[in-house]
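Take a walk through this model. Keep the sequence and the structure side by side as you read.

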Amino acid sequence: NYLQWLQRTASANDAMCININNGVFSHKKDDIGTTTDEIQLNTDFASFFGEGRMKCAVLSSHENRKTYRLLGTAEGTFDIHLWEPDERPASAGLELIGWDEGSARYTSGPDWAVARIDENIEKGSLGIFKRMDLRILESTSNYASFGGIHPDTGKGMNVVTIKSPPVTHIYQLTECGRRFYRRQVFTTDTVWSYHSPHLGEDVFSSSCGQRYFKEGNEWTLCAGHVDDDFSIAKSIQILRNKEDKKEIFLPTRLLLG
């Protein structure tokens, strides 16, 4: 009923008030408004809340971040962090996975791993590596990881190749809310990959689970696009305040692979 809705919507924790005579929302500290275009047109926000504008109040404003509180949400109290574009160099994300300018080049890695990458370059599927300065991050008898900066997009890239099963995965280090996420953008074999094809790709699945992707007039087990740049200039974080803890929404685009 109305009383239950009012108690759920306007709680003391939200510092929010409703004038029941005219239905006007107000906030004890800030003026009430609606979500701005910067928030509303953000794909991560739209995927979670939909396209309709929502009531909100500005909780804080800093040089690189604004924090909004959404009002009238039924599933808890939500805060939105709107971040300005991250101006840190691509190496900032690579350093988190062990990259260092002084690390040895990939040609100093295990023979089987060097041969695998060279084979991928010659086939053309990873021709961009000819212009990428790959450095060794980690290697074992069956696994090798390399890091480098994409010469065109300027993004940090993580190349993982496995001896058995023979497969190479490419991950892009994507920044969102001042955090870096390692998302898969390419694989040489979909059988050994968690890659989800993008909308619009022609896909054929065989009886044994292989997924073939069409490139031009040919079908291939490779999937993804090394050159794609999935970053968003201004990023947002969606947080839900739930009792004594916070939950952060992670968009699907950051979870591939």
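The largest nonpolar core holds 21 residues, and Ile117, Phe129, Leu134, Phe146 and Ile170 touch the most other members. A nonpolar core here is a set of buried Ala, Val, Leu, Ile, Met, Phe, Trp, Tyr and Cys residues joined through side-chain atoms within 4.5 Å. Buried means under 20% relative accessible area, exposed over 50%, and partly exposed in between (1.4 Å probe, protein chains only). Two or more residues each come from α5 (111-123), β8 (143-149), β9 (156-162) and β11 (179-187). The top contributor is α5, with 5 residues. Helices (H or I, at least four residues) and strands (E, at least two) are DSSP runs, numbered from the N terminus. A second, separate core has 11 residues, among them Phe45, Met54, Cys56 and Leu70.

This is a predicted model: local features need pLDDT of at least 70, side-chain atom pairs count only at pLDDT 80 or more, and totals for chains, interfaces and linings use all residues. Residues are numbered from 1 along each chain as its sequence is written, and side-chain values use heavy atoms, with hydrogens and water left out.

Next comes strand β10. Is this strand enclosed or open? All 10 of the 10 residues of β10 (residues 167-176) are buried, so the strand is largely enclosed by the rest of the structure. Both faces are covered. On one side sit Val167, His169, Tyr171, Leu173 and Glu175; on the other, Thr168, Ile170, Gln172, Thr174 and Cys176.

Strands of a sheet pair through backbone hydrogen bonds, either parallel or antiparallel. Two strands pair if DSSP finds at least two bridges between them. β9 and β10 run antiparallel, joined by 6 bridges. Their hairpin connects through 4 residues. Ile162 has Val167 of β10 as its bridge partner. β10 and β11 also pair in the antiparallel sense, over 8 bridges. Cys176 stands opposite Arg179 in β11. This hairpin has 2 residues between the strands, and Gly177 takes a positive phi near 65°.

Arg182 lies over the face of Tyr171, at 3.8 Å from the ring centre. The criterion is NZ of Lys or CZ of Arg within 6 Å of the ring centre and within 35 degrees of the ring normal.

Turn to the open sheet of 6 strands. Its order is β3-β4-β5-β6-β16-β17, with antiparallel pairing. β3 (32-34) and β17 (245-248) stand at the edges with a single partner strand each, so one side of each is left without a neighbour in the sheet. The twist averages 35° from one strand to the next. Axes for such angles are lines fitted to C-alpha atoms, for helices over the stretch in contact, and angles run from 0 to 180 degrees between N-to-C directions. Inside the sheet, β5 (residues 65-70) and β6 pair in the antiparallel sense over 5 bridges. Arg65 stands opposite Trp83 in β6.

The whole structure has 6 aromatic pairs. Rings of Phe, Tyr and Trp (its six-membered ring) pair if their centres lie within 6.5 Å; planes under 30 degrees apart count as stacked, over 60 as edge-to-face and the rest as tilted. Phe48 and Phe49 are edge-to-face, 4.6 Å centre to centre with 65° between the planes. Phe48 and Phe78 are edge-to-face as well, at 5.6 Å and 65°. Phe48 lies in helix α3 (residues 43-49) and Phe78 in strand β6 (residues 77-83), so the pair ties together parts that are 30 residues apart in sequence. Phe48 counts as partly exposed because its relative accessibility is 35%. Phe78, at 4%, counts as buried. Ring pairs link Phe45, Phe48, Phe49, Phe78 and Phe249 into a cluster.
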